[in-house]
Amino acid sequence: MSPPPLLELRGLLKSYGGVRALRGVDFDLRAGEVHALLGENGAGKSTLIKVVTGAHQPDGGTVSIDGQPVTGLTPASARKLGVACIYQQPALFPDLTVAENIALRLEPTSGFRRVAWAARRTRAQQLLDRIGAEISPEAEIRTLAMPQQQLVEIACAVGAGARIVIMDEPTASLTQKEQHLLFAVVHDLRAHGVGVIYISHRLEEIFGLADRVTVLRDGQSISTQAVAAIDEARLIQLMVGREVTQIYPPSESAPGEVVLSLSHLGASATPTRVRDITFDVRAGEVFGLAGLVGAGRTDLARVLFGLVPADSGEIRLQGQPVHLKSPQDAVAHGIACVPEDRRRHGVVLEMPVAHNMSMAIHSRLFPGSWLRLGAERRLALDFIRDLSVKCHGPEAPAGSLSGGNQQKVSLARWLATKPKVLILDEPTQGVDVGAKSEIHRIVRRLAKAGLAVVLISSDLPEVLGMSDRIGVMCSGALTAILPGDADAATVMAAALGKGSKGKAA
Amino acid sequence: MSRYFREWSVAGALGVLLIVLAIFAPAFFQAQPLLSLAAAEAPTLVIACGMALVIICREIDISVGSQFSVCGVCAGLLAAHHAPTAVALAAAIGTGACLGAINGALVAGLRLPSIVVTLATMMTWREGLNWWRQGEFVYLPEHLQWFGLSQSAGQWTLIAAAGLLLVALALALRHLTAGRFLYAVGTDMEAARLAGVSPQRVKFTTFVTMGALTGLAAMMNVVQSPQVDPKSGTGLELKTIAAVVVGGVSISGGRGSLWGAFVGLLLLACISPALTHLHIEAYWEKAIQGAIILLAVVADGVRTRRKKS
């Protein structure tokens, strides 16, 4: 009889509010294996980690460790049972040394214990040696590069005797050489009988490193396969293979002249370096930008909106090269951008709807800086009617509206600038289904009226359903430009960096 | 609930205090002492207005007391050297604006936290003034006092000036785009920036305004006595911040009104004379003021928490 798996999840359920993040996940991890977890944005990977590390309680299903069902898992009890998680952004104390950080994780905590400095240092050194990391225990964390910090996290996990190690996109910010170092550590962990749950979007890592792979989609585990028995095409198929559940309004516009034209645009002052972006967007066209989180789509939007300077290439608007140094510049040239994360920067929650809508056009609506409250009210009432914003009138604070209606307020603010190019960054994120399809209809209507729309969305069906053409980004570069009727697998392959550079349709 | 609910509740507390006084100590309502009290608090009101603006845009200025002293001494010295009153007034406002510009440049230009910047300038101006004047009073010419008017006419002038300024600033805050910008920057700097407002410019202008108002207030104080005490501004920052907070201006920015700062100041200013008239020992004054401030913040805290949940 084979020993019970280290970790076994059966029928795991978890909802947040009305959103079902996990709807029946089965997963098992054996000792001495690397088990990759693969899935689109929002497929449920993070939720799964949170359940296993005890950060969140599942609503249903069982978690067993060493064959023993465990309930009421907390972060502390999960740690005691040998679960450790290495996040993309290590959670270490930057002003303390490596040895101190390790000690904080591993030593029993009592504020009045005398600190055995020498023992701490020796212990840290041993752990670092064990995983082959060449880091001084005396170094302060802030002096270490990100991969070294991850190694410190791994040392902590090893020191705590972790048998289940979760790695959440550990290579996202690593260079090639650093990746190899990390892979060596993963192999070493496996050799010592540790089970590793490895989450990554990079297929070649999964094929190079993992023993088995489980694909999650829409909160369900779709399939678990031995890596040796599967190929890339099949994996991508498993990730995206879902029925279209939503009807998108059909495209009725006939694309006109080229409005926005980018050639070899690059910017390095963004979190993801934007490289060599070339595409055109025509009037009346919805140009979708697909890609995984961190592919650089929002960074590109920030460049186009004048928030980050471009340092190579060219942006042309209706044929004229433009230099965008600030959002004011962008607005003056007819570019508007409805930002991601509307609760933070899209709308000011404390302000009335009307103030929010007039915010980007103060100088035009109020020449001489005297507020014309009547004109502002009329503007707001027009938008409330046009976009059917549900609210108690222009004076209602934006915070009192539902998510979808807040998004419409944010949209109204930027439509008020009468743009030629409208960039929408995740316009339907966190919006209920009804409001979502309303927003889709509005976007269609705007395109029909001659606006060039750039639609950034991590929701693949949305990009496929709404776009006339689709640009796909991966690691800051454009990997494909596909026609609007491209299939999901092609887009996903390009988003994973597997696409050949397609030509504009 | 009405827009000015918070302001009305402070006004209500003030009303209760006045009713208590009317019943137990009607002597409080004598014209002459009340006029003196109002005139003495008029400069504080001017500064409290400026402080409200600063706090609405999510900054703070604790150097106002030192600015007040510097401006007062400068105006006083000019007057003592036979400069006309108008020149002294302009000098006070100009000095204040310059000092405010220094704060503004450090906060907006170098993006330093205003509490540290103004703490540093507060100590620098105060100690600089001490070193320069060695604590010496500036004795003023006769004609400066009450602008050469009778005492009560002078007092009425000051009260009217402060009142007019309050009304003008409150209207500007509600009806000028600049006012809207102030609230926008105080609530969400990044959203304001995306909408094309320069938060740094707004903040700089606010600090300059704060300085100019402090200069004006210093002049309004100078004309009330025959000499200028170089320590006259001590404690003003706390007094005005307290008034603004009691009046419902949110210390985390973006919320509140000048009317609130006004009623907040009235309430705090009435405590001391009220205690005297009610024969309560003066020691209690600060304790009661502290309790009022605490009550105000607790009320705001409870209110925002309830809204969130």
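**Notes on the predicted two-chain model**

1. In chain A, 6 strands make up an open sheet of mixed pairing, in the order β6-β7-β8-β3-β9-β10. Strands here are DSSP runs of E with at least two residues, helices are runs of H or I with at least four, and both are numbered from the N terminus; two strands pair if DSSP finds at least two bridges between them. The edges are held by β6 and β10 (220-226) of chain A, each of which has a single partner strand, so one side of each is left without a neighbour in the sheet. From one strand to the next the twist averages 20°.

2. The model is a predicted one, in which local features need pLDDT of at least 70 and side-chain atom pairs count only at pLDDT 80 or more, whereas totals for chains, interfaces and linings use all residues. Residues are numbered from 1 along each chain as its sequence is written, and chains are lettered from A and ligands numbered from 1 in the order in which they are written.

3. Strand β7 (residues 164-168) of chain A has partners on record in both β6(A) and β8(A). With β6 (residues 83-86) of chain A, β7(A) pairs in the parallel sense over 4 bridges, and A84(A) stands opposite V165(A) of β7(A). With β8 (residues 195-199) of chain A, β7(A) also runs parallel, joined by 5 bridges, and here I164(A) faces G195(A) of β8(A). Of the 5 residues of β7(A), 4 are buried, so the strand is largely enclosed by the rest of the structure; buried means that 20 or more other C-beta atoms, placed from the backbone, lie within 10 Å of the residue's own, while 12 or fewer make it exposed and anything in between partly exposed.

4. Towards β10(A), the pairing of β9 (residues 212-217) of chain A with β10(A) is antiparallel and extends over 6 bridges. One of the bridge pairs joins R217(A) to Q220(A) in β10(A).

5. Which strands does helix α1 (residues 45-52) of chain A touch as it packs on the sheet? They are β3 (34-39), β6, β7, β8 and β9 of chain A, and the direction of α1(A) makes about 150° with that of β7(A). Helix α6 (residues 176-191) of chain A lies across β3, β7 and β8 of chain A and runs at about 145° to β8(A). These angles are taken between N-to-C directions on a scale from 0 to 180 degrees, with axes fitted as lines to C-alpha atoms, for helices over the stretch in contact.

6. V152(A) has its place in helix α5 (residues 146-159) of chain A. With 28 C-beta neighbours inside 10 Å, V152(A) counts as buried. Leaving aside neighbours within four places in sequence, V152(A) is in contact (C-beta atoms, placed from the backbone, within 7 Å) with P90(A), L92(A), V98(A), N101(A), I102(A) and I135(A).

7. Turning to the interface, 17 residues of chain A are in contact with 16 residues of chain B. On the chain A side, the elements that give two or more residues are α10 (327-332) and α11 (342-346), and the largest share, 3 residues, comes from α10(A). By class, this side has 10 nonpolar, 5 polar and 2 charged residues.

8. E350(A) is found in the loop between α11 and α12 (353-358) of chain A, and with 19 C-beta neighbours inside 10 Å it counts as partly exposed. Not counting residues up to four places away in sequence, E350(A) touches P397(A) and G399(A) as well as T187(B), G254(B) and R255(B).

9. Chain B has 12 helices and 2 strands. Why can its overall dimensions be said to agree with those of a compact globule? With 309 residues, such a globule would have a radius of gyration near 19 Å, and chain B has 19 Å, which agrees. Of the residues of chain B, 48% count as buried.

10. On confidence, the model scores ipTM 0.81 and pTM 0.78.

Note on methods: Two residues are in contact if their C-beta atoms, placed from the backbone, lie within 7 Å. Ala, Val, Leu, Ile, Met, Phe, Trp, Tyr, Cys and Pro count as nonpolar, Asp, Glu, Lys and Arg as charged, and the others, Gly among them, as polar. The radius of gyration is taken over C-alpha atoms; the globule rule is 2.2 Å times the number of residues to the power 0.38.
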